[in-house]
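Subject: The structure for you to look at

Hi,

Here is the structure I promised to pass on. Please open it first, then read my notes below with the chains on your screen.

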Protein chains: 2
Amino acid sequence: MSLEEKTISTKEIFNGRIVSLRIDEVSLPDGNKSYREIVEHPGAVGVVAIDDENCIWMVKQFRKPVEKEMLEIPAGKLDAGEDTVECAKRELEEETGLTANNWDEILYYYTTPGFSSEILYLYMATELTQGEYNPDKDEFLEVLKIPLEEAYSAIFEGKITDGKSIIGIQYAYKKLERG
Amino acid sequence: MSLEEKTISTKEIFNGRIVSLRIDEVSLPDGNKSYREIVEHPGAVGVVAIDDENCIWMVKQFRKPVEKEMLEIPAGKLDAGEDTVECAKRELEEETGLTANNWDEILYYYTTPGFSSEILYLYMATELTQGEYNPDKDEFLEVLKIPLEEAYSAIFEGKITDGKSIIGIQYAYKKLERG
């Protein structure tokens, strides 16, 4: 059985700076109709930056949608047509001042496939060099480095609660701390 | 320095069945103003259901926002005021027909704190019993069980690309396969 939902009609609700919202009327596999609320997002990258002492570099920032400061790996939205690894390099440098000699693709994933199109590409950056740091003018960040083992524990203590960061830390901890 | 962004005004754009959208005008830490596009979501649960043969139970469904069939752990939205573990039990049974004797909280996380308020509670369910299965009338699912080791590899092969599933599988693989 095909599970596909075919689009009958689309209604644009909002076209924003970061997200857009539309409602699709769809034909379900059994022929009935339903509606899907869909948040369109340009996609993003996240960077698991690990230094020679097995510390992970993270940024603390206030996240208005959840009304709290969060500790996250460096990350950012893709510009239109931008190569994902170039975006990863740009965001790491903008947010932390770091550059890296070594870049590895970890995986890509959909953050919330139930309501949003966002795809997120995760990279690991190693052999780091510290330079200047220049966050966007409406981004206010604190940069921290944390031992990887401590970051791993923080996931289960509710201290690191950002999805992309959790995936990246789980990956790095298994790869680097546990072999 | 406080990183907090204080709300100056809020404009509701859309109030939907699953998500709502609003724009907050905010005061930044340096006193300047900016806008935040915020998707409100009621929150959700995901269930890592592992049977006695170390297989993880998953569901395949079509996800309109990404226009593809995806393999995901059983999951669903919280009803208003619903207890998270009760929601986890309900969703597991609705989507797969399974009940579980043993429920453990793994962690909670924010799926996309940059633009959405969604929080997701992840549970592990073990000591499973198979019963009837009754998906919602506009949900069309295929239920599968997959050896945990195979699911873990599938993350890095681009075959499992759902965020909550990746977090849950990494957790279960470390806990059950690697000790």
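Contact here means heavy atoms within 4.5 Å. Keep in mind that this is a predicted model, in which local features need pLDDT of at least 70 and side-chain atom pairs count only at pLDDT 80 or more, while totals for chains, interfaces and linings use all residues. Residues are numbered from 1 along each chain as its sequence is written, chains are lettered from A and ligands numbered from 1 in the order in which they are written, and side-chain values use heavy atoms, with hydrogens and water left out.

Let's start with Glu72(B). Not counting residues up to four places away in sequence, Glu72(B) touches Pro113(A), Met58(B), Val59(B), Gln61(B), Arg63(B), Asp162(B), Lys164(B) and Ser165(B). Glu72(B) sits in strand 6 (residues 68-72) of chain B; strands (E, at least two residues) and helices (H or I, at least four) are DSSP runs, numbered from the N terminus. With a relative accessible area of 0%, Glu72(B) is buried, where buried means under 20% relative accessible area, exposed over 50% and partly exposed in between (1.4 Å probe, protein chains only). Its side chain makes polar contacts with the side chains of Arg63(B) at 2.8 Å and Lys164(B) at 2.7 Å. A polar contact is a pair of N or O atoms within 3.5 Å; within protein, one must be able to donate a hydrogen and the other to accept it, and residues adjacent in sequence count only if both atoms are side-chain atoms.

Now look at Glu118(B), in the loop between strand 8 (98-110) and strand 9 (119-130) of chain B. Glu118(B) does have a polar contact of 2.8 Å, side chain to side chain, with Thr111(B).

By that salt-bridge rule, the count over all chains is 30. One of them joins Arg22(B) and Glu40(B), with the closest N and O atoms 2.7 Å apart. Arg22(B) lies in strand 2 (residues 20-27) and Glu40(B) in strand 3 (residues 33-40) of chain B, so the pair ties together parts that are 18 residues apart in sequence. Arg22(B) is buried at 15% relative accessible area, whereas Glu40(B), at 33%, is partly exposed.

Finally, find the open sheet of 4 strands in chain B, with the order 7-4-9-8 and mixed pairing. Strand 7 (75-77) and strand 8 stand at the edges with a single partner strand each, so one side of each has no neighbour in the sheet. Two strands pair if DSSP finds at least two bridges between them. Strand 4 (residues 44-49) pairs with strand 7 in the antiparallel sense over 3 bridges, and 6 bridges join strand 4 to strand 9, which run parallel. Because 6 of the 6 residues of strand 4 are buried, that strand is largely enclosed by the rest of the structure.

Enjoy exploring!

Notes: Salt bridge = Lys/Arg side-chain N within 4 Å of Asp/Glu carboxyl O.
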